[in-house]
Amino acid sequence: MNSGDQSTHAQEVLDTAAALRPVEDVADLVPLLGTVQAATALHAAAARRPVEELAQLVGLLNSGDQFTYAREILDTAAALRTVEDVAVMVPLLGDDRAAVALHAAAARRPVEEVAQLVGHLDGQGTRAEQQTRRRLWR
């Protein structure tokens, strides 16, 4: 087995652990890894885990003074997850972390998606959704 194969296997183990192990295990695992491995694990978690679990993982990392890793999850989730997922996750996080997630989403998303996110967060929907509702009620 060459080093490339070993690296591939290591990556697969890490991705699987980050996506499937309990969030407490992931929070314990991340600081034990190298920076690149930790970032990779967090990207896998942010892409695959339910948003409720991501919010819990962010909380665990923040409470363990692993702020950089918590930010990695928020940045990745804001860029990769659906607008609806981001909108669901924000209130689960708390004020400071929610602001970080919002800023990351606004910086990376197309303008239309930013408008959708704002609509979901303020509970009113986007302007197009509001206009559609008005037409249906006339």
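Which residues have the most contacts inside the largest nonpolar core?

## Basis of the model

This is a predicted model, in which local features need pLDDT of at least 70 and side-chain atom pairs count only at pLDDT 80 or more, while totals for chains, interfaces and linings use all residues. Residues are numbered from 1 along each chain as its sequence is written, and side-chain values use heavy atoms, with hydrogens and water left out.

## Overall architecture

The chain has nine helices and zero strands, where helices (H or I, at least four residues) and strands (E, at least two) are DSSP runs numbered from the N terminus. Of its 138 residues, 36% are buried, buried meaning under 20% relative accessible area, exposed over 50% and partly exposed in between (1.4 Å probe, protein chains only).

Among contacts (heavy atoms within 4.5 Å) with a separation of 6 or more, 62% join residues 24 or more positions apart.

## The nonpolar core

L42, L57, L61, I73, M89 and L93 have the most contacts inside the largest nonpolar core, which has 36 residues; such a core is a set of buried Ala, Val, Leu, Ile, Met, Phe, Trp, Tyr and Cys residues joined through side-chain atoms within 4.5 Å. At least two residues of this core come from each of α1 (3–20), α2 (23–29), α3 (35–48), α4 (51–63), α5 (67–80), α6 (83–93) and α7 (95–108).

Once neighbours within four places in sequence are left aside, L57 is in contact with V23, V26, A27, L42, A45 and I73.

## Gly59 in helix α4

G59 lies in helix α4 and is partly exposed, with a relative accessible area of 23%. Although G59 and R97 are 38 residues apart in sequence, their C-alpha atoms are 9.0 Å apart in space.
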